[in-house]
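I am opening my notebook beside a new structure, and you are welcome to read along. My plan is to look up a few things one by one and jot down what turns up.

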Amino acid sequence: MGIIKTKNLVHEFFRRDEEGNVEAITTALDHVNLDVKEGQFIAILGHNGSGKSTLAKHINALLSASDGTIWVDGMDVSQEENVIPVRRSAGMVFQNPDNQIIASVVEEDVGFGPENIGVPTDEIWERVEHALSTVGMKKYRAHSPNKLSGGQKQRVAIAGVVAMEPKCIVFDEPTAMLDPNGRKEVIATAHELNKKKGVTILLITHYMEEVVAADYVYVMEKGKIIMDGTPREIFSRVSELKEHRLDVPQVTLLADELRKSGVDIPAGILTREELVDAIMKVK
Amino acid sequence: MSIIVDKVSYCYSEDSAYKVQALKEVSLTIEDGEFIGIIGHTGSGKSTLIQHLNGLLKATSGHIYYNGQDIYDEDYNLKDLRNKVGMVFQYPEHQLFETTNFEDVCFGPKNQGLDKKEIELRAFEALRNVHFPEELFYQPPFDLSGGQKRRVAIAGVLAMHPEVLILDEPTAGLDPAGRDEILGLLAQMKRELGITIILVSHSMEDVAEYVDRLFVMNGGELMYEGAPKDVFRHYKELEEVGLAAPQVTYLMHELKEKGLNVDLDATTVDEAKQTILAALGR
């Protein structure tokens with residue numbers, strides 16, 4: 001079993017009228033099956049309202065399933081006694097860094113998590129130091145978080161999760177509010193955690209460029225997984241993705257357009273280097 | 001008819017130890033009916049600048065002229081200015097509060113003191129203009145998707161009949177199709193209603209595709225202005241200040257280095273396709 005596994009996971013949201021009678025049911029997750037191996041870098045795509053964030057919240061036991069099962073690190077999340085251990089093995093980074101930072105000094109913010117799970121003081125400081133250097137923010141440890149840029153704040157939020165030493169981190173659109181530099185910083189940090197520390201990463205994003213370097217991609221729609229495969233396999237299916245309100249990286253789109261105009265370029269181009277090579281070959 | 005920003009400087013907490021100079025002698029002109037993009041890294045002064053344009057912030061020094069009138073004149077009616085220059089803040093859907101979408105859109109015109117019939121006409125027209133589905137007009141806004149909520153919020157500003165519409169990152173957090181819909185809508189409003197659009201964005205690809213002219217902010221100063229292709233020629237300098245050019249620009253430079261004779265000014269997928277096909281002799 002992988003670090004995250006779901007079997008027919010279902011989540012239903014109920015809308016009730018003033019008397020508490022059920023007015024409408026929205027199925028946010030509809031029999032989702034996935035199996036994530038430890039150490040993988042996974043990306044999840046899908047349009048707004050496709051169920052991505054609902055899935056993410058199940059991994060952290062923030063929601064409980066209407067039906068089906070989810071196991072995190074081998075533990076059944078629906079069991080009451082597993083909730084706290086599950087939250088320790090799976091950390092979460094949200095969209096808006098300002099909603100995740102609570103302390104007035106960077107190092108105290110990063111230490112908040114470990115302090116709450118009763119880590120001894122000496123070890124808290126070790127973890128804080130280690131977490132801040134992992135995200136490249138050690139220099140700012142004594143700064144006030146509100147003077148940092150968006151990308152830096154988001155990295156502090158990531159350090160706060162790293163300090164909990166989770167096996168897996170779920171990033172729910174961590175770059176939606178950042179400028180290009182901030183986006184690069186955050187994505188590079190996620191990849192580094194994955195490569196150097198072997199942390200399993202689940203990245204939810206609307207930026208197709210950020211998906212290119214993932215090991216495996218799941219595409220969601222109406223609470224179902226409708227496509228899965230490597231980034232190259234997924235992005236070869238340009239028109240299908242567009243139907244699902246999604247997109248492909250700009251270079252992939254350009255390669256596709258050129259191919260349609262009769263230029264002999266292979267499908268599934270993902271990077272600028274690949275496209276440059278392909279174009280120079282047909283020159 | 002235009003907006004002229006003349007040597008505007010602005011300091012936050014001017015008389016305290018925490019003084020921050022957010023704008024330094026910024027001068028620029030925005031003509032009627034233009035689609036303007038403003039880019040700059042976080043903290044470069046973009047949001048401070050746009051809040052000056054409808055008088056939410058008052059410059060520490062310098063002047064702003066709207067249609068030839070100094071908005072800092074004692075007898076200038078700032079309320080009137082705010083009716084003409086509409087502002088859509090980041091995550092505008094967080095500002096929806098009424099019981100139905102229609103009621104929410106009515107809020108702005110209601111505060112302009114219009115009569116009931118005119119208010120409802122405008123709300124109807126505005127929701128139509130943002131292509132909001134009619135069967136949802138009288139539903140509560142809270143069950144809508146992110147993109148739809150954002151349409152309602154934009155309609156709320158449109159219903160006030162602004163001459164200028166300022167939007168602070170209107171596509172943040174939207175899926176690619178939602179993003180294209182909102183940007184396409186803005187381009188259409190510019191074209192059909194003649195509204196001046198000012199768009200603050202972090203997406204170089206989006207501004208390259210849609211805007212007529214770009215302003216690049218850096219450290220509170222105006223660093224570059226011009227058509228996207230002119231601005232993105234400075235892609236190396238843009239990177240140094242935490243920005244970037246569209247992916248296509250980099251691709252063009254790499255192809256040129258390898259000896260393919262492409263047009264370096266191509267910034268959109270379509271332009272790139274044309275110049276590559278031409279260079280390959282197809």
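**Entry 1: a strand in chain B.** I began with B:Ile36 and looked for its bridge partner in S9(B), which turned out to be B:Arg213. A reminder to myself before going on: this is a predicted model. The pairing of S3(B) with S9(B), residues 213-218, is parallel and runs over four bridges. I then looked for another neighbour and found S8(B), residues 196-200, which also pairs with S3(B) in the parallel sense over four bridges. There, B:Ile38 sits opposite B:Val200.

Next I asked myself: why is S3(B) largely enclosed by the rest of the structure? I checked its residues, 35-39, and five of the five are buried, so the strand is largely enclosed. I also noted which way they point: B:Phe35, B:Gly37 and B:Ile39 go one way, while B:Ile36 and B:Ile38 go the other way. Both sets are buried.

**Entry 2: a helix in chain B.** I moved on to H1(B), which spans residues 46-53. Is this helix mostly covered or mostly open? I found it mostly covered, with six of its eight residues buried. I wrote down the buried ones: B:Lys46, B:Thr48, B:Leu49, B:Ile50, B:His52 and B:Leu53. After the helix comes B:Gly55, and I noted its positive phi, near 75°.

I followed H10(B) across to chain A. It packs against H9(A), residues 250-260, at an angle of about 65°, and the axes are 9 Å apart. I noted the crossing as right-handed. The residues that meet are A:Gln250, A:Val251 and A:Leu254 from H9(A), and B:Gln247, B:Val248 and B:Leu251 from H10(B). In this contact I find four nonpolar, two polar and no charged residues.

**Entry 3: the cores.** I keep a general thought at hand here: in soluble globular proteins, nonpolar side chains tend to be buried together. Which residues touch the most other members of the largest nonpolar core? Of its 92 residues, they are A:Ile42, A:Ala159 and A:Ile201. H5(A), residues 150-162, gives the largest share of this core, six residues.

I took a further look at A:Ile201. Leaving out residues up to four places away in sequence, it touches A:Phe41, A:Ile42, A:Ile169, A:Phe171, A:Ala190, A:Leu193 and A:Asn194.

**Entry 4: one residue in chain A.** I finished with A:Glu243, which is found in H8(A), residues 238-243. Buried or exposed: how does A:Glu243 count? I get 11 C-beta neighbours inside 10 Å, and the cut-off for exposed is 12 or fewer, so A:Glu243 counts as exposed. I also checked its C-alpha against that of A:Pro114: they are 129 residues apart along the chain and separated by 44 Å.

Conventions. Residues are numbered from 1 along each chain as its sequence is written. Chains are lettered from A and ligands numbered from 1 in the order in which they are written. This is a predicted model: local features need pLDDT of at least 70, side-chain atom pairs count only at pLDDT 80 or more; totals for chains, interfaces and linings use all residues. A residue is buried if 20 or more other C-beta atoms lie within 10 Å of its own, exposed if 12 or fewer, and partly exposed in between; C-beta atoms are placed from the backbone. Helices (H or I, at least four residues) and strands (E, at least two) are DSSP runs, numbered from the N terminus. Two strands pair if DSSP finds at least two bridges between them. Axes are lines fitted to C-alpha atoms, for helices over the stretch in contact, and angles run from 0 to 180 degrees between N-to-C directions. A crossing is left-handed if the near helix is turned anticlockwise from the far one by less than a right angle, and right-handed if clockwise. Two residues are in contact if their C-beta atoms, placed from the backbone, lie within 7 Å. Ala, Val, Leu, Ile, Met, Phe, Trp, Tyr, Cys and Pro count as nonpolar, Asp, Glu, Lys and Arg as charged, and the others, Gly among them, as polar. A nonpolar core is a set of buried Ala, Val, Leu, Ile, Met, Phe, Trp, Tyr and Cys residues joined through C-beta atoms within 7 Å.
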